[in-house]
Each structure stands twice: as structure tokens, then as C-alpha cells.
Amino acid sequence: MAEIEAAQPAQVDVSKSSNDPAEGYEKKCIFCKIVNKEIGTELLHCDEEISCFRDIKPGAPHHYLIVPTKHVGNCKSLSKENVPLVKCMVETGKEILQKNNITDLNDVRFGFHWPPFCSVTHLHLHVLAPASQMSFMSRLFYRLNSYWFITADQLIELLNSKGDTN
């Protein structure tokens, strides 16, 4: 019996190290797999809070996805408490653009697909630049003032107003 108990803590320790990514990790989520390096996608940025990688179907010459490193649901699941996270995602997007020599932030689109129009339920910010070079279809998919796409500023405004109405 003592031998079995001695073996169990070692097993717990091993699973604990593999559980670190599991905290806030959805095993069926493609973005969780990317962030945890289970899929060979190049991470352009990765820290405890935010990760960034290129979109596999770019809508502009520079199209990046900024995601929370831990799994967070879509825009509708957010509250006023998530405003700092959304702002951090935008700032990370700006940093990635600057590292890629995009300095005209007036020709950039930062936004989210509004459920049910998002293909992955892990919160992700689309960063598209230059927006003026987006294709016709991309202009449709990432269209401002549409039912399916909301800018980061609009989302922040919406989340800030949530606290006022409660």
C-alpha cells in the first residue's frame, strides 16, 4: 500500500505539469492547441495573457489573430471586467504591426466576429492591414457596421455600458 501511495504523488506531479496548459484550456479548441504548441503554427507573440499568430486565410497582406492565451469564450460571453483584456489584445496587435513595419494605424481594422458568425469560439481579435488592400470578400467578411463584425472600440464601448445597465 505504501508503495502505491509513493507512486501516486509522482503521477500527480506529472499530470500537474501537463495541467498547467489545461487551466483555461479547451482540448477541442484549435486556438488552444496552437497556443499550447500542439500544432506547428508560428507564434508571433506569446506570454501568459496574450498570443498572436497569422490567420490561415488572410484577408489583407497583414492579417493576425490576437487571442487570450487561456481559453475565453466569444464576444457575447464577455463582461465589463474583460475590457482590460480587450485593450491588451488591441495593444498587442499594434505592437505586432509595428514590428512588421506597419505604421499607418488609420489603415488598420481591429475587430471581432459577432456570434453566431465566428468559426472558432475562442475569443480572437482580427488585425488586418492595410485595410485599403483588403479583397472584395474580405471587405464583406470584416465589414464595419455589420451584423457579423464589431470593431474593438465598439466592443469596449458595449462592455463598458454593460455595467451601467445592471
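Helices and strands here are DSSP runs, numbered from the N terminus. With that naming, Lys37 sits in the loop between α2 (30-35) and β1 (43-46). Keep in mind that this is a predicted model.

**Cis peptide bonds**

- Most residues other than glycine have a negative phi, and most peptide bonds are trans, so the exceptions are worth a look.
- Pro115 and Pro116 are joined by a cis peptide bond, with omega at about 10°.
- As for where that lands, Pro116 belongs to the loop between β4 (109-113) and β5 (125-129).
- Another cis bond runs from Ala129 to Pro130, and its omega is near -20°.
- Pro130 falls in the loop between β5 and α4 (136-141).

- Asn145 is another non-glycine residue with a positive phi, near 55°.
- You'll find Asn145 in the loop between α4 and β6 (149-151).
- Asn145 is exposed too, because its relative accessibility is 64% and the cut-off is over 50%.

**Salt bridges**

- The count comes to two salt bridges, taking a side-chain nitrogen of Lys or Arg within 4 Å of a carboxyl oxygen of Asp or Glu.
- One of them pairs the side chains of Glu42 and Arg54, at 2.9 Å from N to O.
- That pair ties together distant parts of the chain: Glu42 is in the loop between α2 and β1, while Arg54 is in strand β2 (residues 50-54), twelve residues apart.
- Glu42 is exposed at 52% relative accessibility, whereas Arg54 is partly exposed at 40%.
- The Glu91 and Lys94 side chains also form a salt bridge, at 3.6 Å from N to O.
- Glu91 and Lys94 are three residues apart in helix α3 (residues 83-99), so about one helical turn separates them.

**Loop recap**

Definitions and conventions: Residues numbered from 1 in each chain as written. Predicted model: local features only at pLDDT ≥ 70, side-chain atom pairs only at ≥ 80, totals over all residues. Heavy atoms only, no water. Helix = DSSP H or I, 4+ residues; strand = E, 2+ residues; numbered from the N terminus. Buried < 20%, exposed > 50% of the residue type's maximum accessible area, 1.4 Å probe, protein only.
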